[in-house]
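Colleague: I am new to this structure and would like to learn how to read it, feature by feature. Could you show it to me and then take me through the contacts, the strands and the way the chains meet?

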There are 2 protein chains.
Amino acid sequence: MTRVRLAAPEDAPTVARLLHDFNTEFEEETPGVEAMTERIAATLRSEEITVLLAGESPEGFSLLRFFATSLTSPTDGREAYLAELYVVPDRRHQGIGRALLRRTLEHCRERGVVWIFLGTSTDDEAARALYESEGFTNREGGETGPIMLFYEREL
Amino acid sequence: MTRVRLAAPEDAPTVARLLHDFNTEFEEETPGVEAMTERIAATLRSEEITVLLAGESPEGFSLLRFFATSLTSPTDGREAYLAELYVVPDRRHQGIGRALLRRTLEHCRERGVVWIFLGTSTDDEAARALYESEGFTNREGGETGPIMLFYEREL
């Protein structure tokens, strides 16, 4: 079983490198490892983000952002945005992503999260299968509802 | 031109009613107007959320959540999640949603936001057309990229 642990501010260079690799692989813009290290360190320190690291190298990470108050849920609690979930290319299809996601959801529950959301690409079939098998849906209001889309823009 | 203004904590009952109407119309769970009023008042006060109100009745609202540090952008700046954008049913197709969205993006720019995202339903063609005509995309990495999906689950 893959060991998953919470990242500390000292892990910022490792997280920055993983995030940089993620951005590069998915052809997203990236501020570069150095700028990212500073931002990651500052946001880990201020608890603006929470990062979980899987394995010793490490082999993957998840990155969470929390909202203290849920407005969407009938229950009191927090909300979480799963901004990233990444496993390094040569360690995929070995259950690391699933172990990471499960521990991430467990961590969210421990922090009082009642609702979590994320955006992913239609193309990323492995990720979609993982999310769907772990209880996520992209259907609005139930199984037969319309598909929900993720939109973004720069400002 | 529709007047759009920032909501103050005193507007919580109005915002809660609009949010309740939104949830009811889209068959989402809702904590009810009373519980919602408390949460809205508290989160407006703590600046955990920002709400913009359109028109005098008011006829619509947008609800934003901010992240102080962007990890995705090469530029320093904040990120914003547009959690809701709603126009009351009998005032639709009159440009209120567009005025509200434009003022919301302007407000984001004033607050240093460099990236904004949201989730919407495939079915909501009016909303999608509005977002797309105001510069949002649901394609990853450019016009010909794969569609991005919004996933969620309760915990």
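Modeller: Let us begin with a term: two residues are in contact if their C-beta atoms, placed from the backbone, lie within 7 Å. Please keep in mind throughout that this is a predicted model.

Colleague: Leaving aside its neighbours within four places in sequence, which residues is A:F61 in contact with?

Modeller: Once the neighbours within four places in sequence are left aside, the contacts of A:F61 are A:V15, A:L18, A:V51, A:L52, A:L53, A:A54, A:E84 and A:Y86. A:F61 is also listed, together with A:V15, A:V51, B:V15, B:V51 and B:F61, among the residues with the most contacts inside the largest nonpolar core, which has 79 residues. Helix α3 (residues 96-110) of chain A gives the largest share of this core, six residues.

Colleague: How should I think about such a core in general?

Modeller: In soluble globular proteins, nonpolar side chains tend to be buried together. Beyond its neighbours within four places in sequence, B:L101 is in contact with B:L85, B:L130 and B:E134.

Colleague: Is strand β3 (residues 60-67) of chain A largely enclosed or largely open?

Modeller: Strand β3 of chain A is largely enclosed by the rest of the structure, because six of its eight residues are buried. On one side of the pairing pattern, β3(A) is joined to β2(A) by five bridges, and these two strands run antiparallel, with A:L52 standing opposite A:S62 in β3(A). The two strands form a hairpin with five residues between them, and A:G55 in the turn has a positive phi of about 75°. Eight bridges also join β3(A) to strand β4 (residues 78-87) of chain A, again in the antiparallel sense, and there A:F67 has A:E79 as its bridge partner.

Colleague: Which strands pair between the chains, and over how many bridges?

Modeller: Strand β5 (residues 113-121) of chain A pairs with β6(B) in the antiparallel sense over seven bridges, where A:S121 has B:M148 as its partner. Strand β6 (residues 148-154) of chain A likewise pairs with β5(B), antiparallel and over seven bridges, and here A:E154 is partnered by B:W115. Within chain B, β5(B) is also joined by four bridges to strand β4 (residues 78-87), and those two run parallel.

Colleague: How many residues does each chain give to the contact?

Modeller: Chain B gives 50 residues and chain A gives 50 residues. On the side of chain B that touches chain A, the largest share, nine residues, comes from β5(B), and the residues of that side divide into 25 nonpolar, 13 polar and 12 charged.

Colleague: How are the two copies related?

Modeller: Chain B is superposed on chain A by a rotation of 180° with 0.0 Å of shift along its axis (RMSD 0.0 Å). The copies are thus related as by a two-fold rotation axis. They meet through the same surface, because 100% of the interface residues of chain B are also interface residues in chain A.

Colleague: What care should I take over confidence?

Modeller: Where pLDDT is low, the predicted coordinates should not be read in detail. Chain A averages a pLDDT of 93, and 100% of the residues score at least 70, while the predictor gives the complex an ipTM of 0.95 and a pTM of 0.94.

Terms used. Residues are numbered from 1 along each chain as its sequence is written. Chains are lettered from A and ligands numbered from 1 in the order in which they are written. This is a predicted model: local features need pLDDT of at least 70, side-chain atom pairs count only at pLDDT 80 or more; totals for chains, interfaces and linings use all residues. Ala, Val, Leu, Ile, Met, Phe, Trp, Tyr, Cys and Pro count as nonpolar, Asp, Glu, Lys and Arg as charged, and the others, Gly among them, as polar. Two strands pair if DSSP finds at least two bridges between them. A nonpolar core is a set of buried Ala, Val, Leu, Ile, Met, Phe, Trp, Tyr and Cys residues joined through C-beta atoms within 7 Å. A residue is buried if 20 or more other C-beta atoms lie within 10 Å of its own, exposed if 12 or fewer, and partly exposed in between; C-beta atoms are placed from the backbone. Copies are superposed by least squares on the C-alpha atoms of residues with pLDDT of at least 70 in both. pLDDT is the predictor's confidence in each residue, from 0 to 100.
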